[in-house]
Structure formats: C-alpha cells, structure tokens
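Here are my notes on this model, as numbered points. Please read them with the structure open.

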Amino acid sequence: MKNRFILSLAFASVLFLSGCGGKKTEEEEKEKEAPANAVEALQQFADKAKTMQNKEPVDPVDFRKLKELLPEKAEGMSRTEATGEKNGAMGFTISRAEAKYSGDGDASAHVEIFDTGGVAGVATMALAAWTMADIDKETATGYEKTTKLEGYKGYEKYDNQNKSGELNVLVADRFVVNVNGNNLSVDQLKSILGAIDLDKLSGLK
C-alpha cells in the first residue's frame, strides 16, 4: 500500500514537471544534467524518494504553532478565517494551517503552511514538485518561474491580466508555504509572504 502511494506521488510529480518549461542554471549544469524525458525524471524522483525514506521520520509540529505564524493583517486586508489540522494516513502525518484574507476591491489572499516532517520527504516532493525543476516560462499574460523568495527555494506564478498569482517556498526541506492572491500585484503577494517569519518556521520542532 505504501509503495503504491509513493509511486502515485512520483507519477503526479513527473506529470507536473513534464508540463513545465525549463532552463538550466550554470550551477545546476555543473552538478548534473536535467532529465531528458519523463522516464528519467521518474527515475530521479524515485532515487530521491528512496534517499528521503531512509531518513528518520520526524513528527510534524502542532498545527497551532503554524497558526501563530499567520499574520492577522496582510497588505491592508483583514484575516477572515484561520484554521488548522493534523491528519495522518498509512503511517504518514501532516500538519497544516491556513488563513484567508479579504480587502477592498475584491482583493483576497489565501495562505497555507504545511509541515510534512513525518513523511520522510515524499509528501514534500508531491506538494512542491517544482523543487525538482528549473522553470522559466512566459505566456501572453503572465509568467511562472522557480526562484529565491525570502532566501528560500521558491516558485512564482502571476497573471497580469487577472491580477492573480501564487508564491510557494520550501523551508528546511519539510515546510511548504503557499500564498495565493486575487486582485493583488506580485509585489503585494511577496509582501504577504514576507510577513511570515520563515526563519522561525525553519526552527520549529
């Protein structure tokens, strides 16, 4: 059952990666070649998942600690909802906290913080498949790319026409932070992310 779950996550991530445009950085060029196709990507994923599985599992922190990191206000918007939960299945446990914000002009934001510490890295890769890719893509109305956000490996996507986008970061190889917004600029989304103490999040146990 566990192996089928892991394989399903692997295929989901490979499908995500195969649909993303890519461009290698010089640093990554020196380290190793990017996968030439989905089969090689799956093999790399499987190898990394195996390495992660060999690590000692870490019990996720109490979701209440994650909730404490969610700001009460963000870019002039008020927090309208804050929830959290800790769920487990098939021996895997994940803590999650989220908050919703609402402001003028139909502006809204949704922030999520996940702790995947108890899944030995497999869920981290499923929730943040972009960490295994180098994405740099532009469309007629927007873009998406992997980048550094607040000093951490991140993913940025924005649509100028709809004024909507998302920011995702991976912290300490176990925490995944997602910021989604509508009727907000990308700078406003980055400001919301900056209001979350990621260094404190990194040190939670």
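1. Salt bridges first. A salt bridge here is a side-chain nitrogen of Lys or Arg within 4 Å of a carboxyl oxygen of Asp or Glu. By this rule the count comes to 7 salt bridges. One of them joins Asp59 and Lys86, with the closest N and O atoms 3.5 Å apart. Asp59 sits in the loop between α3 (38-53) and α4 (63-67), and Lys86 in strand β2 (residues 77-89). The pair links distant parts of the chain, 27 residues apart. Helices (H or I, at least four residues) and strands (E, at least two) are DSSP runs, numbered from the N terminus.

2. Provenance. The model is predicted: local features need pLDDT of at least 70, side-chain atom pairs count only at pLDDT 80 or more, and totals for chains, interfaces and linings use all residues. Residues are numbered from 1 along each chain as its sequence is written, and side-chain values use heavy atoms, with hydrogens and water left out.

3. Buried means under 20% relative accessible area, exposed over 50%, and partly exposed in between (1.4 Å probe, protein chains only). Asp59 is exposed, with a relative accessible area of 55%. Lys86 counts as partly exposed, at 39%. Asp62 is also partly exposed, at 32%. The side chains of Asp62 and Arg64 meet in a salt bridge, 3.0 Å from N to O.

4. A buried pair. Arg96 forms a salt bridge with Glu112, and their closest N and O atoms are 3.1 Å apart. Arg96 lies in strand β3 and Glu112 in strand β4, so the pair ties together parts that are 16 residues apart in sequence. Both Arg96 and Glu112 are buried. Salt bridges that share partners join Glu85, Arg96, Glu98 and Glu112 into one network.

5. Asp159. Asp159 belongs to strand β7. A polar atom of its side chain lies 2.9 Å from the backbone nitrogen of Asn162. Contact means heavy atoms within 4.5 Å. Leaving out residues up to four places away in sequence, Asp159 touches Thr141, Gly142 and Ser164.

6. The largest nonpolar core. A nonpolar core is a set of buried Ala, Val, Leu, Ile, Met, Phe, Trp, Tyr and Cys residues joined through side-chain atoms within 4.5 Å. The largest has 31 residues, and Leu198 and Leu201 touch the most other members. Elements that give two or more residues include β3 (92-102), β4 (108-115) and α7 (198-203). α6 gives the most, with 4 residues. Leu201 touches Leu66, Leu69, Ile113, Val171, Phe175 and Val177, not counting residues up to four places away in sequence. Apart from this core lies another, of 8 residues, among them Phe114, Ala128, Trp130 and Ala133.

7. Whole-protein totals. The protein has 7 helices and 9 strands. Of its 205 residues, 41% count as buried. Among contacts with a separation of 6 or more, 55% come from residues 24 or more positions apart. The protein exposes about 11200 Å², and carbon and sulfur atoms supply 47% of it. Accessible areas come from the Shrake-Rupley method with a 1.4 Å probe; for residues, only the protein chains shown count as cover.

How values were computed. Polar contact = N/O pair within 3.5 Å; in protein donor to acceptor, adjacent residues only side chain to side chain.
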